[in-house]
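Hello,

Here is the structure I promised to pass on to you. Please open it beside this email, and my notes on what turned up will follow below.

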Number of protein chains: 2
Amino acid sequence: MAATEPALIALDWGTSSLRAYLMGPGGAVLETRRLPLGLMQVPGRDFAGVMERAVGDWRLAWPGLRAVAAGMIGSAQGWVEAPYAECPAGTDELARALVPVPGGALLVIPGVARYGAAPDMMRGEETQIVGALVQRPALAAGALFVLPGTHSKWVPVSDGRIRDFRTFMTGEVFATLREHSILGRFATKDAPAADAGRLAEAFARGVTALRDSGSGAAPLLFSARALVLAGQLRPELSLEYLSGLLIGEEIRCGLHGEGAAPVLVGDAALCDRYRRAFALFGIDEVAVLGDTAPAGLWRIAELAELTGRKELQP
Amino acid sequence: MAATEPALIALDWGTSSLRAYLMGPGGAVLETRRLPLGLMQVPGRDFAGVMERAVGDWRLAWPGLRAVAAGMIGSAQGWVEAPYAECPAGTDELARALVPVPGGALLVIPGVARYGAAPDMMRGEETQIVGALVQRPALAAGALFVLPGTHSKWVPVSDGRIRDFRTFMTGEVFATLREHSILGRFATKDAPAADAGRLAEAFARGVTALRDSGSGAAPLLFSARALVLAGQLRPELSLEYLSGLLIGEEIRCGLHGEGAAPVLVGDAALCDRYRRAFALFGIDEVAVLGDTAPAGLWRIAELAELTGRKELQP
C-alpha cells in the first residue's frame, strides 16, 4: 500500500504507448507505469483486458478509485469515441465533456478540434496544455505552447483557452524519410559513431541552412545527401543535419504571424533539441516544461469531481 | 534492316529503367526500346550483359555503330564513374568529357555538379537540357527549365550553359508519405474510384491551399488527413490534394528569386500536372517539351564525333 491514500487512476493512452499514474491528493504522482500497449498494440481491441493488465492491481487494492484517460483512446479507433471540444476550448469545457467507455471503467477526455477551411485535431495534447497551465498559471493570460513529437502541435493559448492550433508532421516525416527514402541510406553504413558534439553541430548546421534559405525546406532536403557526396558532411551526421532542416522548417513556419514567446512541453531530449533550434532563430528565452500530462489529468478529474472516493455498490 | 542507315546507339540509363534509341542521320529516332533494367535491377552488376540484351542485335547488324549513354549509369554505383562537369557547364564541356566503360563498348556522358556551400548533382538531366536547347535554340539565351520527377530539377540556363540548379525531392517525398505515413491510410480504403474532374479539383485545392498559406507546406501536410476526418475531403481524393500541396511547395520555393518563365521537360502527364499548378500561381505561359533525351544524346555524340562510322578492326 502506498503511504498516501490514492485518489485517482490517470491514463495517458496514445497510439504507441500507455502511461498509467496512480495519483494522490493534490495531484501527487504516487506511482508511474509505462507499457508498450498503445492503441495499435492492443490485441483484438481488448481495451478492457489491457487496462486490467495495466492497473488491475490498483483497482483491486482501492476499489473506490475513479479512472480518467486522455489521448487517442478517445478516437474512432479507440475504446470509445469522445467527440472533440471545439476551439476556443478551456479546462471547464473538457471536464464537462468526459465520455465513459462501455461498462464505465474509464472516463475519456475529449480532444480538441478546429473546424473551418483548415480543420485540425488533437487528442491528448489538450490535457498536456491543461497541465502546463496548472504548473505555470501566469501563462493562461497568453502563451504559445509547442509540443514536439511525431505530430508536433503549436497551440496559442489566451484567457486560459486553446484558441487555435496547428499540427506539424515533423517527427513522422523525419522517420519516414530516414527509413524509406534515399536520405536514410548513409545511416546503414559502417560509419564510426559520432560524438555528441559533432551530432549537435550537424543539427545546428541543418537549422542554420534552413533559417538562411529564404524559401523553405523543399530545395534543401537533397542537400542532406549532396553534402555527403561532395565530401562536406560525414555520412553518420547526415540524419542530424536532416533533423535540423525539418525542425528548422517547423519553427520557421510556426513562428509565422505569432508574437508570443514559445513554451516547450514534452519529452526532455526532444524539447532540448527544439530549444537549441529556437536559439538559432534568435529566440533564447524558451521555457521548457516536462511531462505535464499527469497534472492535466488530475485537474480535469478534479473539476469533474472524480478525485473523491466513489460510492461503492453495496 | 531499318530503311535509313543507323548512325548511333543512344542510351538513357537511369536508376529504375533503361531506354535505348537507334538513331539515324540528323538525330532521327529509328527505334525505341524501354527495359525495366535500371541500375538497381542489373543482376550482379553485369552491365555488359544487360547492354547486350538491350541492343546486342543492333550492334550485330551494324558493327560500326558507336554507343553513348546518359544517366546514373555514370555514377559510382554504375558501370563507370564519369566525374561531374562543373557549373557553368555547356554542351561542349559535356561532349569533351565522355568516359568509356571498361572494354569501350559505351561512352558515358558526365553529370553536372554545383559545389560550394550548397552542393547539388544531376546525372541525365543535363542531356535532357542539351536536347531541349536543340529543339528550342532560342531558349539558350535564358530560360528556367523544370524537369519534374522523383527528384525534380530546376535548371536556369543562360548563354547555352547550365549556370546553377536545384533538386527537389518532391516525387520521392510524395511516394514515401503515400506508402509509409498516416497520410496514405485512406488510399487503401474501399472507396469508389474518383473521376478525372474530381481528382483535378482536389489537386488544384492542394496547390491553392499551399499558395495561400503564407508560410509553406509543413503546417499543411496534416490537413490531407484532417480535411477527411472533418468530412470536407473525400478519402479517395486525399492523395491528389497532398500531391497539390507538395508540387505547390516546389513551385513556391522554385520561383523564389527567379525571373525567367519556366519551361517543362519530361513525362507528358507529369508535365501537365505541373502546368496546371503553375497556372494557379498565375503563370500561364509555360512551354512543355516532351522527352528531349534522344536529341541531347545525339547532339553530344555529334560534337564528340561519334555519329560517323568508326574504323573497324581488320
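Let me start between the two chains: across the interface of chain A and chain B, the rule finds zero salt bridges (a salt bridge being a side-chain nitrogen of Lys or Arg within 4 Å of a carboxyl oxygen of Asp or Glu). The rule does find nine residue pairs in polar contact there, both residues at pLDDT 80 or more. A polar contact is a pair of N or O atoms within 3.5 Å; within protein, one must be able to donate a hydrogen and the other to accept it, and residues adjacent in sequence count only if both atoms are side-chain atoms.

Before you read on, please note that this is a predicted model, where local features need pLDDT of at least 70 and side-chain atom pairs count only at pLDDT 80 or more, while totals for chains, interfaces and linings use all residues. Residues are numbered from 1 along each chain as its sequence is written, chains are lettered from A and ligands numbered from 1 in the order in which they are written, and side-chain values use heavy atoms, with hydrogens and water left out.

Back to the interface. On the side of chain A that touches chain B, the elements giving two or more residues are β10 (120–122), β14 (166–168), α4 (170–180), α6 (223–229) and α7 (238–255) of chain A. Helices (H or I, at least four residues) and strands (E, at least two) are DSSP runs, numbered from the N terminus. The largest share, five residues, comes from α4(A). By type, that side of chain A divides into 19 nonpolar, 11 polar and five charged residues; here Ala, Val, Leu, Ile, Met, Phe, Trp, Tyr, Cys and Pro count as nonpolar, Asp, Glu, Lys and Arg as charged, and the others, Gly among them, as polar.

In total, 35 residues of chain A are in contact with 35 residues of chain B, contact meaning heavy atoms within 4.5 Å. The copies meet through the same surface, because 100% of the interface residues of chain A are also interface residues in chain B. Chain A can be laid on chain B with an RMSD of 0.1 Å by a turn of 180° and a shift of 0.0 Å along the axis, which is the relation of a two-fold axis. The superposition is by least squares on the C-alpha atoms of residues with pLDDT of at least 70 in both copies.

Arg166(A) and Asp120(A) are 46 residues apart in sequence but 6.7 Å apart in space, C-alpha to C-alpha. The side chain of Arg166(A) also reaches the backbone oxygen of Gly254(A) at 3.2 Å.

Over all chains, the whole structure holds 30 salt bridges. One of them joins the side chains of Asp291(A) and Arg19(A) (3.7 Å, N to O). This pair links distant parts of the chain, 272 residues apart: Asp291(A) is in the loop between β16 (287–289) and α9 (293–303), and Arg19(A) is in strand β2 (residues 18–24).

Lastly, some backbone details. A cis peptide bond joins Cys87(A) and Pro88(A), with omega about -5°, and the bond from Cys87(B) to Pro88(B) is cis too, with omega near -5°. Arg45(B) has a positive phi, near 55°, and sits in the loop between β3 (28–35) and α1 (47–61) of chain B.

Best wishes
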